[in-house]
Amino acid sequence: MNLVEDHAAVSDRAALARDLVAAWERQQEVYIPAREARFDLMVEVLGRVRPHQGESLRVLDLACGPGSATRRVLARYPRAEVTSLDLDPLLVELGRLDLADAERRPTWLTGDLRDPSWPGLLPHAAYDAVVSTTALHWLTGAELSAVYAQAHALLRPGGVLLNGDYLPTRRPGGAVADLVRRIGEDREERAVADGALDWETWWDRVRATPEFASEVAAHDAIFAGRVSADSPSRAFHLEALREAGFADVDLIWHDLTEGLVCAVA
Ligand SMILES: C[S@@+](CC[C@H](N)C(=O)[O-])C[C@H]1O[C@@H](n2cnc3c(N)ncnc32)[C@H](O)[C@@H]1O
């Protein structure tokens, strides 16, 4: 490949990544219609966290996917130093390409939150905020408790943890849980009818993009056969955060089973 072709291939991948990330954002809204309100509240909370060094807020985005929370943090605080970590090399690469022109680029890392050594990957020993969205429900209760304890250890006193996630109020089966489930399903159907890709169709689109074939192969090697854990309940999250040592913990937003927990170190 000569230099001109090389450059064209790089900008092709960047353009494809931007399209895939835009489709990802819409796909996530199929399942979380109020997702943007949740992100707005997250960045508003971050605006009240005083950075411990100079002017730049230091934020860690756990299980960042293609940088959904990272993107909102940088949109509001362009000088923030964001570290963005995820298990999936494909999603990390899409995020990296999509945010390549950011005033201050995030530090992108691939790592597994189930492996207790993940904090060793980070470029900093202390953060002002740890955020995560739609991801920690992949973890078992024991894994989640360990991640909360590690997040607490990484936060300076007064720093915040914000987890916007699937936080079921109770085990499925009750009448209220059934109502909530059916309302959620109706919302999903309407969003797809409106043209959004659902989860499977989004992945079909990525698989039909040969420019990302090697990242898709890496994704498949990691995720083949993996099923999401039986997601910990809302009460479990709040208790696990208290046990991790956070001084104050509460649910500050929710919509059906989606919630945002806030914990101050
Ligand atoms: C539904 S996506 C959400 C991504 C992004 N935070 C968002 O809100 O759009 C769930 C993410 O969790 C990541 N994930 C799942 N298990 C993980 C683990 N053990 N360690 C790190 N990331 C993990 C997946 O790779 C995926 O990117």
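This briefing covers the ligand site, the nonpolar cores and several individual residues of the structure.

The model is predicted: local features need pLDDT of at least 70, side-chain atom pairs count only at pLDDT 80 or more, and totals for chains, interfaces and linings use all residues. Residues are numbered from 1 along each chain as its sequence is written, and side-chain values use heavy atoms, with hydrogens and water left out.

The largest nonpolar core has 29 residues, and a second, separate core has 20.

**Terms**

- Helices (H or I, at least four residues) and strands (E, at least two) are DSSP runs, numbered from the N terminus.
- Buried means under 20% relative accessible area, exposed means over 50%, and partly exposed lies in between (1.4 Å probe, protein chains only).
- Contact, or touching, means heavy atoms within 4.5 Å.

**The ligand site**

- Thr133 places a polar side-chain atom 2.7 Å from an oxygen atom of the ligand.
- Arg35 also has a polar side-chain atom facing a ligand oxygen atom, at a distance of 3.2 Å.
- Leu113 uses its backbone: an N or O atom there lies 2.9 Å from a nitrogen atom of the ligand.
- The protein buries 97% of the 590 Å² that the ligand exposes when taken alone. Such areas come from the Shrake-Rupley method with a 1.4 Å probe; for residues, only the protein chains shown count as cover.

**Nonpolar cores**

- A nonpolar core is a set of buried Ala, Val, Leu, Ile, Met, Phe, Trp, Tyr and Cys residues joined through side-chain atoms within 4.5 Å.
- In the largest core, Trp118, Tyr148 and Leu161 have the most contacts inside it.
- β1, β4 (127-133), α5 (141-154), β5 (155-166), α9 (234-243) and β7 each supply at least two residues of this core. Helix α5 gives the most, with five.
- Trp118 touches Leu60, Leu62, Leu85, Asp112, Leu113, Val147, Gln150 and Leu154, leaving out residues up to four places away in sequence.
- The second core includes Leu57, Val73, Leu74 and Val131.

**Helix α3**

- Seven of the nine residues of α3 are buried, so the helix is largely enclosed by the rest of the structure.
- The buried residues are Ser68, Ala69, Thr70, Arg71, Arg72, Val73 and Leu74.
- Arg71 lies in this helix and counts as buried at 16% relative accessibility.
- Beyond its neighbours within four places in sequence, Arg71 is in contact with Val21, Glu25, Pro66, Asp98 and Leu99.

**Buried strand residues**

- Asn163 is in strand β5. Its relative accessible area is 0%, so Asn163 is buried.
- The side chain of Asn163 makes a polar contact with the side chain of Tyr148, at 3.1 Å. A polar contact is a pair of N or O atoms within 3.5 Å; within protein, one must be able to donate a hydrogen and the other to accept it, and residues adjacent in sequence count only if both atoms are side-chain atoms.
- Tyr127 is in strand β4 and is buried, with a relative accessible area of 0%.
- Tyr127 and Arg58 are 69 residues apart in sequence, yet 5.2 Å apart in space, C-alpha to C-alpha.

**An exposed loop residue**

- Arg50 is in the loop between α2 (35-46) and β1. Arg50 counts as exposed at 71% relative accessibility.
- Arg50 touches Asp128 and Arg156, not counting residues up to four places away in sequence.
- Arg50 and Gly158 are 108 residues apart in sequence and 8.3 Å apart in space, C-alpha to C-alpha.

- Ala63 has a phi near 55°, a positive value in a residue other than glycine. Ala63 lies in the loop between β1 (58-62) and α3 (68-76), and is buried at 18% relative accessible area.
- Leu256 has a positive phi of about 50°, although it is not a glycine. Leu256 sits in the loop between β6 (248-255) and β7 (258-264), and is partly exposed at 25%.
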